[in-house]
Amino acid sequence: MAVTTPPGQPARIPFYRDTRIIAIIVQVVFALVVIGTLWFLYSTMMDGLRRANLLPSFAFLRQPASFPISESPIPYDPSRTYAYAFLVGVLNTLRVASIGIVLATILGIVLGIARLSNNWLLRNIATVYVEIVRNVPLLLQLFFWYAMSQAFPRVQEAISFGGLLFLHNRGVTIAWPRANDDFGAWAPWLWAGLIAGVGFYIARRIQFARRDRPGVALPWALLIAAAIALLGFVVTRVIAGQWPVTLEIPELQRFGFSGGITMTTNFAALLFGLVIYTATFIGEIVRSGIQAVNKGQREAARALGLTNAQTLRLVIFPQALRIIIPPMTSQYLNLTKNSSLAVAIGFPDLFAVAGTTLNQTGQAVPVILMVMASYLSISLLTSLLMNWYNKRMQLVER
Amino acid sequence: MATEASQPRARAPRPSIGVLEWLRQNLFSNWWNTLLSIVLLFLVFQALSGLLRWVVTTEGWIGVTSNVRLLLVGRYPPDQIWRPELVVGLIAVLLGLSGGAWRGIPLVLAVGFSVAMAVLGLLSLALPPDQVQPVFSTRLFLFGVAALTALGLAAAWRGGSRLRWPLVAGWILLYPVAVLILRGVGEATIGTNLWGGLMLTMILAISGIVLSFPLGVLLALGRRSNLPVIKWFCVAYIELIRGVPLVTVLFMASLMLPLFLPAEVRVDAVVRAIVAVTLFSAAYLAENVRGGLQAIPRGQVEAARALGLNVVQTTLLITLPQALRAVIPVLVGQFIALFKDTSLVVIIGLMDLLGAAQAIYTQPQWLGIPGGVWRETFFVVAGIYWIFSFTMSRTARQIETNLNVGKL
């Protein structure tokens, strides 16, 4: 018996009007076009490279780099391999990015609060600073700071700030705390302070939880830890006759400074430029975050009898923080990525080292892949960390 | 009640306070503020007087005044200088007409442009003749542009609203026409290797935004698509590009693009930079547009579907227009970032505005000037970047208030 369509039921939709089938066709075509394009680009590239006898390979990584790197956090000399040189670049990037993030955050928070100050002068100075710095390219600013650092006087005539900070054309020298021989005698005190602080904090939190009401734990814990450490500091001085840690004042020798730490001009210019630039963006984020907290919250807090400082600390900041963290993360990422401009002012960061490697070996493809992979993983790591922190802060909400 | 609602809402009267009271409230409200104000006042005075003294006494301005052309057009052939001048003239006319046709923000921009050009013309009168090259044409050009803008304004002042659509078409056509004028046709083309200075900066920024806009919108739509293959492709592209610095993309374009393409295809450096800037900017633009798309209530799409619009119609007629309108201020912000970022092409060896600045202060003839000319050069170039960026960011803020958008 022939199968007939039951009356009342519409005829089958032809396949070319069935959205499910169209969706599949569109995706297949799209995938084919993408793969085809990539294949075309890849094969032309390989053809060209084969003719130039430069087939991509990572073998060069094991050869000696044979180029100097002006500064490195780990021992380096030109006989080390390319892979090791690349590692130096990565570490330099991480060094400038991490210090930069900390300093930019501090300056940014100060700026954001200054922008909301009730002092007219302070508020407007902050505004002028933000509007000037934000609207000028970062690279120009870096060139400017670098040119300025080159115009500093010679080491012998370094500009001194209270004998603790020196500016000269070889860099910036800062007084820096240094541990003495008797540091070992002080260390147990540090541990004791740490344990006491943590113990106090945990005990208080348990107490709060039992009483089911909030209270202040962290400042007291820090105070206790600091007090014990300070006591130990003095006791060590009395027993051993010298401080366990002293501030090492830089001293001018014949060929430069000894003592303290010296940043090269390239590093200082890069760090300074990145911090000055990024802080304006962070400042705007902090300002808008604080402003975004409902006005009623502040009024309610004041009505409950909290002081101005308590209102800020307990009501405004915890809520503003939730608004601030996500855009702050992208500023941290921006700072890290912008540190690649180091190549323009001669700081050997990851991009600069890779550039030299590329010029020497001609291995464009592996080198660029390595650079991109490094930046991607740094970005990914930062976002993961900040997302984790963000989630923790969000939990504060009921 | 009804009469009250129909009346325009009057502003609450502001209590007027005297100067002394204002000072007390804003600078000297308590001992801490008083101390702060005095210290800041001292610092500001020191900084401003130092700046003023430097501006008046430094000899370094010669570095800028003798290199105006290098800053503006780079190594563009001097006898062909009428080409960029013609383009600026076209912009002036369009700007003037738009100011008359729309009033509002375009009016402010047109008047500001005209006044700025006139002021520059007057300034050039103050310079000694040998520093303005070629004297006559520069002054004529500056005053001419100011006059053209004013003429355009006057022409469109009455009944200019009829001109709106032709003007939109004019602005869109301006880009290809300008590129054509600057390049020239036939035998006498002017290679992009000669383009430079502010002109190159503008071309890179405008090309970047014009070309990355459609790409960015497509990526944003793709990222919100139901089709997994397209969605994941867009996600991967956007996240990859946003995870790496622009320098790497520029470097890749300048090194790898020639490798990727067959040997016959020659891509010159400016085009490579434009490709890099476009690919880079598109990823960021896509995220901005996506923000706008997400802000549209579901009901809009459902209503459109209920009316019988298909997916393409819904996107083009319902969601995209609303999304784009909501993100206009963000897009201007993106354009400002792009404008500043074009300075990175210095690293791949192009001579844009920043590159020209570098070329100027490293010229050997300034060795005789104490301290060189780098401060003055950076001061002027930073000023040029600043004026453009600041104008754009103010415009964005104004659009935001006018449209009452931007609060996603």
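Chain A has a radius of gyration of 30 Å, whereas a compact globule of 398 residues would have one near 21 Å. The model is a predicted one. Along its principal axes, the C-alpha trace of chain A spans about 110 × 70 × 45 Å. Of the 398 residues in chain A, 29% are buried. Among the contacts in chain A that link residues at least 6 apart in sequence, 67% join residues at least 24 apart. The secondary structure of chain A comprises eleven helices and eight strands.

**The sheet of chain A**

An open sheet is built from four strands of chain A in the order S1-S2-S3-S8, with antiparallel pairing. Its edge strands are S1 (159-161) and S8 (261-264) of chain A, each of which pairs on one side only. From one strand to the next, the twist averages 15°. In general, the strands of a sheet pair through backbone hydrogen bonds, either parallel or antiparallel.

S2(A) is joined to S3(A) by a hairpin that runs through two residues. Within this pairing, Leu165(A) stands opposite Ile174(A) of S3(A). Ile174(A) in turn stands opposite Ile261(A), which belongs to S8(A). Helix H7 of chain A packs on the sheet, where it touches S3 and S8 of chain A, and its direction makes about 80° with that of S8(A).

**Helix H4 of chain A**

Helix H4 of chain A covers residues 138-150 and has 13 residues. From its first C-alpha to its last, H4(A) reaches 18 Å, close to the 18 Å expected at 1.5 Å a residue. Because ten of its 13 residues are buried, H4(A) is largely enclosed by the rest of the structure. The buried residues include Leu138(A), Leu139(A), Leu140(A), Leu142(A), Phe143(A), Phe144(A), Trp145(A) and Tyr146(A). Gln141(A) and Ser149(A) are also buried in this helix. Both chains contribute to the surroundings of H4(A): its buried residues pack against helix H7 (265-292) and helix H9 (308-338) of chain A, together with H17 and H18 of chain B.

**The contact between the chains**

The contact between the two chains takes 42 residues from chain A and 43 residues from chain B. On the side of chain B that touches chain A, at least two residues each are supplied by H3 (31-57), H11 (228-243), H12 (246-260), H17 (353-361) and H18 (374-403) of chain B. H18(B) gives the largest share of this side, with nine residues. By residue class, the side of chain B that touches chain A divides into 31 nonpolar, eleven polar and one charged.

**An exposed loop residue**

Gln253(A) lies in the loop between strand S6 (251-252) and strand S7 (257-258) of chain A. This residue counts as exposed because it has 10 C-beta neighbours inside 10 Å, and the cut-off for an exposed residue is 12 or fewer. The C-alpha atom of Gln253(A) is separated by 8.5 Å from that of Gln156(A), although these two residues are 97 residues apart along the chain.

Key: Residues are numbered from 1 along each chain as its sequence is written. Chains are lettered from A and ligands numbered from 1 in the order in which they are written. This is a predicted model: local features need pLDDT of at least 70, side-chain atom pairs count only at pLDDT 80 or more; totals for chains, interfaces and linings use all residues. Two residues are in contact if their C-beta atoms, placed from the backbone, lie within 7 Å. Ala, Val, Leu, Ile, Met, Phe, Trp, Tyr, Cys and Pro count as nonpolar, Asp, Glu, Lys and Arg as charged, and the others, Gly among them, as polar. A residue is buried if 20 or more other C-beta atoms lie within 10 Å of its own, exposed if 12 or fewer, and partly exposed in between; C-beta atoms are placed from the backbone. The expected span of a helix is 1.5 Å times one less than its number of residues. Two strands pair if DSSP finds at least two bridges between them. Axes are lines fitted to C-alpha atoms, for helices over the stretch in contact, and angles run from 0 to 180 degrees between N-to-C directions. The radius of gyration is taken over C-alpha atoms; the globule rule is 2.2 Å times the number of residues to the power 0.38.
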